[in-house]
Amino acid sequence: MTQLNRTQSNRLFEESSTLFPGGVNSPVRAFKSVGGTPLFFSKGNGSRVWDEDGNQFIDFCNSWGPLIHGHANEYVENKIIKTLKNGSSFGAPTRLESDLAKLIKENIPFIDKLRFVSSGTEAVMSALRLARGYTGKTKILKFEGCYHGHVDSMLVKAGSGLVTLGSSSSAGVPESVASDTLVLPLNDEHLLTKTFENYSTELAAVIIEPVPANNGLLLQDLSFLQTLRGLCWKHRVLLIFDEVISGFRVAFGGAAELYGIQPDIVTYGKIIGGGLPVGAYGASNEIMAHVSPEGPVYQAGTLSGNPVAMAAGIAQLELCLSPDFYRTMEAKTRRFVDRVNAYATVKNYDFELISLASVFWLSFSGIKSIHRADEISPEMNSFNKLHDFLLRHGIYLGPSGYEVGFISSAHTEDELIYSATQFCAGLDAVYA
Ligand SMILES: Cc1ncc(COP(=O)(O)O)c(C=O)c1O
């Protein structure tokens, strides 16, 4: 059995473990879920990444979603370099902020105004404050299995790294904060309606990943999302779509465009920054008028709207706007997914690649059509074995069975055929 040479990665991890908690700067990178220690990367180009030992991988993590055009895309890179040569930050407005905002506004009709921040977490935190400031109400409803960043009030039965680490909430979040967050299972219209009957007068907002992609890929029934929209309108509760993953990924206008449902506030991250740290939240003029300095809801950031990050975002989104971009991405993802699923069906394996647009997730639950967090098989042994097999065969997936994979425009058809073949061989090894 081929083993990876991890000499340099192991040495670097030993060192980083003396510098950072768990040796990393974000928990899911630590390989705790799949076992072993992380690879340290030194280079990325197109669909490929190289680690410090010179191992090469086809990358399906893509920095957890931002790199929709792969690594070191030439067009994005050139815009970054050109901008950087004129200075990296001013703490004053630049035209690039307006250029990126216009690009978004022209293509996403429900946004009148935006505010750029530096991460998805910051976007969500600010959107929640805005919702509370606008409505004058306190409680927030979220859904089990949706991850909204490490905002205190959202670390309540959250997904992503938290589920991976086997904990349902975080130490350090006071009960008084957690108790202002209500948590419901996804895709349950009955419970949702009941909750609105009981709590709507206290609810400032409902926040949802309209394409929940942090705890498996839990596709929601359109009717559930439509019911949610209707209830929020009826009870004057703001609907926040957290499109940090789905924005500019499942369509340029994210899930809002895909499903034809307009949220009151939207949050973005990941793709919007072209691989640099950017987040944003946006809404109608009426709602955004509450944000400082126009209104009383305070929110600020030294590096918000950073010109280099804005340039990266503009370049990346311009590429996303090329004709047929999303159709092509979806078609090539579908061919990849169908190849693997057809094989799993013939072999009678309890396995399915669930996908939407260019996002996919490896489901070992044996149930088709998973919509809720409690339908995910808690047994991650099979994923861990497959992850290890794929690493040894030149394919890099995010190191957790709860996380989704991303296909970029840099993945070639040949690479996807090779990858599908390795997925199938890996399944044989898992089910042997
Ligand atoms: C849906 C969603 N919201 C918010 C966040 C937080 O974004 P960031 O990691 O940039 O703070 C994430 C991160 O994965 C996310 O997937």
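Biologist: What radius of gyration would a compact globule with 432 residues have, and what does the protein have?

Modeller: A compact globule with 432 residues would have a radius of gyration near 22 Å, and the protein has 21 Å, which agrees. The radius is taken over C-alpha atoms, and the globule rule is 2.2 Å times the number of residues to the power 0.38. Those C-alpha atoms fill a box of roughly 60 × 55 × 45 Å along the principal axes. This is a predicted model, so local features need pLDDT of at least 70 and side-chain atom pairs count only at pLDDT 80 or more, while totals for chains, interfaces and linings use all residues. Residues are numbered from 1 along each chain as its sequence is written.

Biologist: How many helices and strands are there in the protein?

Modeller: The protein has 14 helices and 14 strands. Both are DSSP runs numbered from the N terminus: helices are H or I with at least four residues, strands are E with at least two.

Biologist: What percentage of the 432 residues is buried?

Modeller: Buried residues make up 49% of the 432. A residue is buried if 20 or more other C-beta atoms lie within 10 Å of its own, exposed if 12 or fewer, and partly exposed in between, with C-beta atoms placed from the backbone.

Biologist: Which strand pairs with β8, and in what sense?

Modeller: Strand β7 (residues 203-208) pairs with β8 in the parallel sense over 4 bridges. Two strands pair if DSSP finds at least two bridges between them. Alanine 205 stands opposite leucine 238.

Biologist: In what order do the strands of the open sheet run?

Modeller: The order is β1-β2-β3-β13, with mixed pairing. The edge strands, each pairing on one side only, are β1 (41-45) and β13 (395-396). β1 runs antiparallel to β2 (residues 48-51), joined by 4 bridges. Phenylalanine 41 has aspartate 51 in β2 as its bridge partner.

Biologist: Which residues does leucine 141 touch?

Modeller: Leaving out residues up to four places away in sequence, leucine 141 touches Leu182, Leu184, Thr195, Leu203 and Val206. Two residues are in contact if their C-beta atoms, placed from the backbone, lie within 7 Å. Leucine 141 sits in strand β5 (residues 139-143) and is buried, with 24 other C-beta atoms within 10 Å. Across the protein, 74% of the contacts with a separation of 6 or more join residues 24 or more positions apart.

Biologist: Which domains does the domain assignment give?

Modeller: Domain 1 (7-60 + 324-431) and domain 2 (74-320); such bounds come from an automatic or database domain assignment. Between the two, 22 residues of domain 1 are in contact with 25 residues of domain 2. On the domain 1 side, α12 (325-346), β11 (352-356) and β12 (359-363) each supply at least two residues. β12 gives the most, with 3 residues. By class, that side has 14 nonpolar, 5 polar and 3 charged residues. Ala, Val, Leu, Ile, Met, Phe, Trp, Tyr, Cys and Pro count as nonpolar, Asp, Glu, Lys and Arg as charged, and the others, Gly among them, as polar.

Biologist: How many residues surround the ligand, and which are the closest?

Modeller: 15 residues surround the ligand, and the closest are Ser119, Gly120, Thr121, Gly149 and Val244. A residue is near a molecule if its C-beta atom, placed from the backbone, lies within 6 Å of it. Helix α4 (residues 120-135) gives the largest share of this shell, 3 residues. The shell divides into 5 nonpolar, 8 polar and 2 charged residues.

Biologist: Is asparagine 62 buried or exposed, and is aspartate 324 buried or exposed?

Modeller: Asparagine 62 counts as buried because it has 27 C-beta neighbours inside 10 Å. Aspartate 324 has 8 such neighbours, so it counts as exposed.

Biologist: Where is proline 293 found?

Modeller: Proline 293 is in the loop between α10 (285-288) and α11 (307-320). The peptide bond from serine 292 to proline 293 is cis, with omega near 5 degrees.
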